[in-house]
Number of protein chains: 4
Amino acid sequence: MNYEYDKPISYCGIFGIYGHPCASLQTYYGLHALQHRGQEACGIVSRSFNGGGRAHFNILKGEGLVSEVFADSESLNSLLSGNSAIGHNRYSTTGASKSRKNIQPFMVNYRLGNLAIAHNGNLTNAKELREELVNEGAIFQTTSDTEVILHLIARSKLDNQIDQIIEALNKIQGAYCLVILTDNKLIAARDPLGFRPLAIGKLDNSFLVASETCAFDIQSAEFLREVEPGELIVIDDEVIKSGKIKSQRINGNPESKKHCVFEYIYFSRPDSFIFGHNVDKMRRRLGKELARKHPVTDPDGDRVYVISVPDSSNTTALGYARELEKQGIDARLEIGLIRSHYIGRTFIQPGQSNREIGVKIKFNIVKGVLEGRTIVVVDDSIVRGTTSRQLVHLLREANPKAIHLRISSPPIMHPCFYGMDFPSKEELIAHSLNGNIEAIKDYLEVDSLEYLTIDEMLEAVSEAGKENFCTACFSGLYPTNVDLNFKKEMYEI
Amino acid sequence: MNYEYDKPISYCGIFGIYGHPCASLQTYYGLHALQHRGQEACGIVSRSFNGGGRAHFNILKGEGLVSEVFADSESLNSLLSGNSAIGHNRYSTTGASKSRKNIQPFMVNYRLGNLAIAHNGNLTNAKELREELVNEGAIFQTTSDTEVILHLIARSKLDNQIDQIIEALNKIQGAYCLVILTDNKLIAARDPLGFRPLAIGKLDNSFLVASETCAFDIQSAEFLREVEPGELIVIDDEVIKSGKIKSQRINGNPESKKHCVFEYIYFSRPDSFIFGHNVDKMRRRLGKELARKHPVTDPDGDRVYVISVPDSSNTTALGYARELEKQGIDARLEIGLIRSHYIGRTFIQPGQSNREIGVKIKFNIVKGVLEGRTIVVVDDSIVRGTTSRQLVHLLREANPKAIHLRISSPPIMHPCFYGMDFPSKEELIAHSLNGNIEAIKDYLEVDSLEYLTIDEMLEAVSEAGKENFCTACFSGLYPTNVDLNFKKEMYEI
Amino acid sequence: MNYEYDKPISYCGIFGIYGHPCASLQTYYGLHALQHRGQEACGIVSRSFNGGGRAHFNILKGEGLVSEVFADSESLNSLLSGNSAIGHNRYSTTGASKSRKNIQPFMVNYRLGNLAIAHNGNLTNAKELREELVNEGAIFQTTSDTEVILHLIARSKLDNQIDQIIEALNKIQGAYCLVILTDNKLIAARDPLGFRPLAIGKLDNSFLVASETCAFDIQSAEFLREVEPGELIVIDDEVIKSGKIKSQRINGNPESKKHCVFEYIYFSRPDSFIFGHNVDKMRRRLGKELARKHPVTDPDGDRVYVISVPDSSNTTALGYARELEKQGIDARLEIGLIRSHYIGRTFIQPGQSNREIGVKIKFNIVKGVLEGRTIVVVDDSIVRGTTSRQLVHLLREANPKAIHLRISSPPIMHPCFYGMDFPSKEELIAHSLNGNIEAIKDYLEVDSLEYLTIDEMLEAVSEAGKENFCTACFSGLYPTNVDLNFKKEMYEI
Amino acid sequence: MNYEYDKPISYCGIFGIYGHPCASLQTYYGLHALQHRGQEACGIVSRSFNGGGRAHFNILKGEGLVSEVFADSESLNSLLSGNSAIGHNRYSTTGASKSRKNIQPFMVNYRLGNLAIAHNGNLTNAKELREELVNEGAIFQTTSDTEVILHLIARSKLDNQIDQIIEALNKIQGAYCLVILTDNKLIAARDPLGFRPLAIGKLDNSFLVASETCAFDIQSAEFLREVEPGELIVIDDEVIKSGKIKSQRINGNPESKKHCVFEYIYFSRPDSFIFGHNVDKMRRRLGKELARKHPVTDPDGDRVYVISVPDSSNTTALGYARELEKQGIDARLEIGLIRSHYIGRTFIQPGQSNREIGVKIKFNIVKGVLEGRTIVVVDDSIVRGTTSRQLVHLLREANPKAIHLRISSPPIMHPCFYGMDFPSKEELIAHSLNGNIEAIKDYLEVDSLEYLTIDEMLEAVSEAGKENFCTACFSGLYPTNVDLNFKKEMYEI
C-alpha cells in the first residue's frame, strides 16, 4: 500500500549543474529539495575527465530517497567526481516502471560521444515514434518515453549535438522538461506548451537547472529565470566564462502555453516560483476563491472551524479561512489533523476488523478541536475518494457537529497524458459517478461537498493567464493530439 | 548530526496490552503513534503459551523506526505471537546508549519466572542503588536505570510478584512510567510525582497502557483514565473477565504532583490527553499567554506576520496569532517555513562554505511570505541556540523587515534528572549567557527576543494546577534529591 | 536447512590477546582461522583506556562470518581500539540460541569492574547452579551456561578477581575453555578434564590464547604450549614485561584427562596441534587403523578407489588409501566428490520430485572416476544418516560397481554434555537402530559399512594416551555426573 | 583485494531451459553449479504469458552469488514465473564492468518482439562493429560486446528471428557461446572455432543448455551432446513435442576448432564433460605429463611429497603424484595446504608488518606434513606471480627441505582476446621476465620451477586433438585477427 494520501502523482524532479567543483554534492542537495516530486528512486550522473582530458561519465542510481541512495559521502566525493552533473527523482507507479532499469538519468554512448538525460513529463506520440524506431532496428531496454528521445538524437544524421537534439525535439509531442549532459555541455529544454516548470539558477560561476526554484534556495543559489516554453538552453565552458547563457527556440514561434494547473494546486512546493508566480500565493488564492464561491456557515450561527489535510493543503486552508473571516463569517483556522512523518516504505496491514487503520497510520485527529463543531475540511483534490472517505470516518470519531468538504480543484474526470499518473478512469470517483457531486458527497459521507469549477479555478490563477493552463483532466480538452486508447503496458517488456 | 531541530530530547514511549488476540500488532500500532517520543530504536516482547501451557516470551528489537524494525508482518504474526505484549520506543543520545543492548524492553528470567519491562523516565538514586546491588554481587549488562529496577525486583525475598515490584519501586526515586509483562500479568506503574504521562485504555475485552492517549486513538481503543501518580495497576485474566482493573498505591498517600511541563510545551502530541487536559488546548494557551505578555507590533503600523517552526510549534503559533488579533493588533498567521520530511538517518554535510545547509536540509523559507515584512517566529524552546541562529540566518535570506522571536517556555538553565536529555550545562545557551536574554538575542541576531517567564508559563497551564508542575530545568528547584555531579558515564561499561 | 553435511556440531572457538597495539585486528585474524568452529555469529570485545586511564570496554557482535561481521576496517581500528581483546565464534543450533543476545563475548560490569568472557564448552551442573542463583535473586538474560559463570564470579565475596574466578570455577562441572578480559588482565582457564583444546601463543611482546594453534599460524605467532587441564593462566602488564606467564591450578591435583576425541576425528583443523599432537597425524592414523581393521577388496580383483567426503575426511581418506596400498591391496585415492564452496546462508529448496537436490547443491560427483568401479567412501562420522543416504544415492548416479562406506569413528549412540550438539537421541541413526550396523547399512543402501570400534579408535590415537579420551557419545560412559533428563529448553526465556 | 589465488579469470557461465514448469528454479540450480565461472553477479530472465497469451519477460539481476541474489524463493516462484528461462553468472574485473548494468542477461524489445541474451566469450571485431553501428545511430548503454550482437540482430531487415541471428553471428568474430530467449524460442549458438564449451541436456520433456555439463548433473538432467562449433540450435514448442532439436550451421563448413585449453587446465569443473572428454581425466593427464617431463627427485634419496594448491590443482597433483610413483620415484601425495572457505567479499588488510597475511587468510599450511621434507607444489598456472611468491614464503615457515614448483601449463606471455581476463602484459610475470624460467624461479624463491611446454601440454590433451586448441596466450599465435592495441576502456562510458 502506498500511504500517500490519495492524490495525483507527478512523475519526477530533475536537476543539472555545470561548472561547480562539487557538482554531485550540489545535485544531491537539489534532488533533496525536489524530493516531493518523486520518492521511489533517484540517480545522479556526473562528468569528470580522465588523465588525457577525455570526458568520463560516472553514475549512481538506486531505489529510495536521496538521503538513502547517496548515504555515503564517498559516493559523492570520489565516485561521482567532476564539475558537472545531472540528477533525477522518480515516482514509480506501475509494475513495469518498478524495474531498476527505469531509474533515470539514462546514460548512453553514441556517435557523438556520451550523453546522459533526465526527463520530467510524458510524450503523446511516443508509441508512433517507438514503432518507427523499432522498424528501423532500434532496440529498447525500457518502456520509458525517454529512451525514444535518446534514439531520435542518436539517429540524427546531423553533426552537431545541439542540432541533433533540436531535430529530435521537433519530432516529439507532449510534455517534457529535459536536462542533458554531454561530454562538454549541459543542455536543458522545455516543451513548447510549457506543461511542467523548469528554472535556471546561478551559484558562483556555475549554472543550475531545476524543476523548481526551491532546489536553488537550499544551496543559496540565485534564481535567474525560467526556461521558456519551447526554449532550449546550453551551458558550456564558454557560457561559464562569459556568464551568458546560450538559448534557442526548439520550433519556430512560441505557441500558447498550457501549464499544468496541478503544479499550483498540489505538486510544487509552496516556496517555489513557477509559471511566473509564487506557488504559495497562487495556492492561497485558490483557497480564497473557494471560500468566496463555496463558503460554509453554520445554520445555528456557531463558529466554523477550517482545517487542512496536512501538509499539502495547509496554504489553501489558510487562504480559505482568511477569506471566510474577511466575509464576516465567524470562522477560524484550526489544526485538527496531525500527520505522522514516521512512515517507512512499508506498513503492516490489519485484517478486516479495522478498516480505517490505513488512514490512521498517517493522520491523527485532535479531538478537542473537532468535538461538537462545524468543520470545513479543505483539500486540494480527490482521486479515488477511498482515502477521503476513510478520513471523514476518522474525523467522525471526534463527533463534530458537521463535516463540510471543500476541494480547491474541479472534479478529475479524465486521464492525463502529460506526466501525471492517475488510476484508470474507472477508479476516478468523479468519473465513475459521472461528475455528480451530490453522489460523491453521499459516498464520502460528508454534510456538504463543493469543488472549484474550472472557471473559478482559472479565475484564481488568472494572474498567470487563464488561457495559459491545461485543464484536460477536468474538461477532457487535450491541448495536443492524444491516443485515448493508449496504454503503456502495450509495449511493456 | 541529528537533524532534529535543536530541542530537548525525551527518552521514550511505552505501550502494553493484555488479552488481545493480535497483541503484538496492536503494540506495533501503538508504538507507531508514539514514534515522536523516540525514533532511534524500538522493541516488542509478547507472551505466548507453549503446548504445556507454560508462558513463553518472544522478543524482537532493533534500531530504527517502528515501521522499519517490524517491516515484516511475519514477525508480528508468528514470531511475536500471543495475546499480551509490551513495547518501547527509544531515543538514544550518548555513545554508550547507542549499544544495541540498551534497546528495551528488557527481558529476564528470575526466581518467579519471566519478566519483561519497558521504562520511560530517569531515576535520581540509581547510582546509590546500583552500587549497593553491585556490592551484593549483581552484574550489570547495561548502563540503564531500568536494569537497577530489575535487580531490585529479582532480589526481593517476597513471594508475590506484585509485592516484589512494590518493594522495588519504594526504593527508587525519580521519574518512571513502567510497563511490566510477567507470565500471567501486565503491570503498569507511575512514579508518585507523576513526572511523565501514562494512560489506560480498553479495546474490546483487552486493556491497554500507553505513554499518551494518541496510541489508543490509532486503534480506535477507548481511553479510560490516566494511571495516577503513585499508582500501580495490574491486568490479568481475572481483570479481563471482570472488566475491573486492579489498582494499588505504591507508597502511602499521594504526594503533590510534579508533571513535566515540557510534555505540554513540546513532547506530547497535540492530539493526546495528558495530566487531565488536552495537550492541544494547553499548547494553544501557552501561545496566547506569550502573545498577551510579549506581543509584537510594528513601529510603522504594518501588519505583523506570525510564523511557526513546523511542526512542533504550529499549535502555539496559532494561539499566539489569534491572541494578537484579539488584542486588536494587525497580525496574521502565515506559513513561512516548510519542513522536509524526507530526511533519512544520515545526511551528507558540506564543507565550510555553506554553513546553513544543515538547517536548509530541514527547512525551506517561503520568500514571498517573508519579504519586507515584520515576522514573529514562535518557537517552543531554545537549547543550544545554534540551530535557532541558523534558522534566523535562513529567514534573513528573504529580506524581512524584522525578525522577532517568541519562545513559549522560559530559558533552560539547568539539567533535567527526570528523563529529558539536554546537552551539558555549558552548551545551554541560556546557562552560558547567565540567562541574559539581551545577550541571547544578540547571539541569535534577532530584532527582539522574549521568553515566557516561569510564572507566565504556569499561568498558561494553571487549569492543571500551577503547583503541579516541575520547573527544575528553568529554576533549578528539583522536587527530589538529585546529585548534581552525577554523570551516567561514571559506570559506563 | 543447514547445508553442513550431517556432522556433530562443535560449539565455539575462542581467542584472546593481551598487549598488542592492534589487538582487535589480531583477534579478527584469529577468529577467522577458527571459523570452522562456529559460523553463525561472532563477537569481539576490546579494552581501551579513557583519558583518565580508566579502562573502557568496546564491543561489536553480530550474526555471520568473521569477514561479514567485521567487514569494515573502521570497526577494528577505531571502535574496537585498545591493546587487549577477546573474541568468540559461535555455532547456533536451537531456537533459543538463535537470539542475538546469546552471541558472545558477554560483557558485564560488577563490583570489581568490567569483565568480558568467552566460553567454549558446556557445564553439567548448570541447572542446579542456576536454580541456586535464581533463588538468591539473580536475573538471567540468556539460557547460556556462561551467564551462570558470570553470576558466580560476581557473587563471590572475595576481593581479588583471580580468587573470585577460581572460586567460581570450583563450583562448575563439565567442559569449559574460557578467556576472560578484565580491566587489567587476560585470564584463560581450561576445565580439569581438558575436554576442549586451548593453547598459548606469543607475538612480539604480546600473549595470545586460542582454541587451536591454527589461530597463531595465521598471524605468524609462536605457539608456546597448551593450557593444561585444570590450569588458569593470567596475562597482565607484569607478564608482558617479565615474559613469564602466571599460572595456577583451579582445583588441587590434576585429574585424569578426558579429551574429546572428536576434536581429532572431525572438529579441529588438520594443521592444528592439540592434546599434544598434530591433528593431521592423528586423523591420518584413524584412517590407517580403519584400513587395517576394515579394508575393502574387490571380489574380482579389480582396483579399489578410495574417495573422501571433502573437505573434512580428506586426511582420513589419504591415510586409509595409503594403508590399503601398504597392505598390497590394489587401491587408489581418487577425487570422486567435488564440494561447492559457494553456498550462502540460505538455499532455496525444490519440491518432492527432486529429493537429492539438498546434497547435490553441496556435492557433485566426478562420474568418470566412479563409473563401473568399486568405491570406498571414507567419512568421519554418521549422525542422522539422512545426508549420508542422499550422498550414496548421488554416487549411484555414476553407476559404480559397489559402494563401501568406512567411518573413522564408532557409532554415535548417546548425547554429549560437554559441548557437542547432536540431534535428539531418537534422531541418531545408530541409536534408533540399536547400534545394528547391518541395519544402518541397509538404510544407507551401501554394499558394506564398517565403523571403527571404540578400542580401534583409541588404538589409533593411543600416542596421546588411550585413557585420556572421553568416549561418552559412543559408550554412554560419562566421565562426570550428568542429568540425562536435562533439557536446555527447561529454562528457556 | 580479490582473494582468488592469482589465476586467469574466465568471464562467465550461461544456462537456458525451455519447456519446464519450474524454469527459473532449474536455472537457479544450473547457475549454482556454474558458480565457479563467475561469482560477482548473476541474473535470470524468464518468459511467462499474460492473460492474452502474450509473452512477458521477467528479470532479476544482482551482485553476488546465485544463493545471495536469489535468496528469496518468492522471486523464483512468482516474479520469475514461466516455463522458459535463461541465466548468467558474471566475473567482473575492470572498473567499468562493475557497473550494475553490465550484469547479464540483457533484455530488450525490438521489431520482432522481446529478446533476452546471455553471452560467454569475447568478440575480436567488436570495435569495428560498434563504430559502424554507432555511425548508423545506435546507442550503447554498456561497454559489453553483447550489446553489439543485440544491435546487429535488431537492425537486420530479415523477418525471421533465426535468420536475423544467423546474419548477426556471421558479422561477429571471436569467441562466443550464447543463449537467447525470444517470445517463442530458446536459441543457443557457439562460435565456429568452439573456444568455449556449451552443452545440451534434457530433463523430462524440457531441453537445457549450459556452459558445462555439471549444470545438468545437479538437476539429474541427461546430457545429450555438445553444441557443435559453428552450430545454432533452436528449442521451441515443436521441439518439445517432437523431441528433435532444430539445428543449423552459422556459416558454411566447419573450420578447425580452437578450444581454450585453459578450460581443461583450470576453468571447468573436473566433473564436467567438455570438448568431447571428461575434464577430470584431461586434468589428470596434464599432471602425469608434467611428472613425466618434469619429475622431482630428492638428491639424498628421501621421499618426495607432492602437494596441491587446493582446490583447483587437486586433480593435477593427484596425476602428478601417481605418475612419479609409477616411475619408481618414492613420492607421496600429501595435504600440505588447507584452504579456508569462509572468506567473504571483503577482508581487512593489515599494515606493512605482515605481508603474508593475504595468502594466510586463504591458506594454512600443515606443518607436520612439510617440515624437513622435499616438497613438490603442483599448480596449474602463474599469472602475476605475487601470490605464488607469498605462498612459497608461507610454506617456508614449516621449514621444508626444498620447495619445487611444477606448473601444468606453459608460461602465460600474451593477452587473451577470447574471454579470459589477465592483467596487462606488463603485469604477467612470464612476460615481464621474457619467459626466462630461471628468473621466475628466483623471483618466486623456489628451489626449482618447471612449466609444461606448449608441446607437452598439447600432448597431454592430444586425445581431443592437438591441433584443436588455441595456444595464443602462450604462443602469441592468435587464430583470428585481433587488434593488439585494442583496449576496452576506449569506449568506456
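Okay, let's start with one residue: Cys12(A) sits in strand β2 of chain A, residues 12-18. Strands here are DSSP E runs of at least two residues, helices are H or I runs of at least four, and both are numbered from the N terminus. Keep in mind that this is a predicted model, where local features need pLDDT of at least 70, side-chain atom pairs count only at pLDDT 80 or more, and totals for chains, interfaces and linings use all residues. On naming, residues are numbered from 1 along each chain as its sequence is written, while chains are lettered from A and ligands numbered from 1 in the order in which they are written.

Why start there? The unreviewed UniProt entry puts its "active site" annotation on Cys12(A). Those positions are in the numbering used here, feature names are shortened, and annotations may be inferred rather than shown by experiment.

So is Cys12(A) buried or exposed? Buried, because 24 other C-beta atoms lie within 10 Å. The cut-offs are 20 or more for buried, 12 or fewer for exposed, and partly exposed in between, with C-beta atoms placed from the backbone. Skipping neighbours within four places in sequence, Cys12(A) contacts Arg37(A), Gly38(A), His88(A), Asn89(A), Arg90(A), Tyr91(A) and Asn120(A). A contact means C-beta atoms, again placed from the backbone, within 7 Å.

Zooming out to the chain. Chain A has 18 helices and 26 strands. Its radius of gyration is 23 Å, close to the 23 Å the globule rule gives for 493 residues, so chain A is as compact as a globular protein of that length. That radius is over C-alpha atoms, and the rule is 2.2 Å times the number of residues to the power 0.38. The C-alpha trace of chain A spans about 80 × 45 × 45 Å along its principal axes, and 60% of the 493 residues are buried. Of the contacts in chain A between residues at least 6 apart in sequence, 72% link residues at least 24 apart.

Now the core. The largest nonpolar one has 637 residues, and Val306(A), Val306(B), Val306(C) and Val306(D) have the most contacts inside it. By core I mean buried Ala, Val, Leu, Ile, Met, Phe, Trp, Tyr and Cys residues joined through C-beta atoms within 7 Å. Beyond four places in sequence, the residues Val306(A) touches include Ala317(A), Tyr320(A), Leu324(A), Leu333(A) and Val378(A).

For a buried helix, look at α5 of chain D, residues 145-155: eleven of the eleven residues are buried, so the helix is largely enclosed by the rest of the structure. Its cover includes β6 (106-110), β7 (113-123), α4 (126-135) and α6 (161-169) of chain D.

Finally, how do the chains meet? Chains A and B each put 50 residues into their contact. On the chain A side, helix α1 (residues 23-33) gives the largest share, five residues. Chains C and D likewise use 50 residues each.

Note on methods
Two residues are in contact if their C-beta atoms, placed from the backbone, lie within 7 Å.
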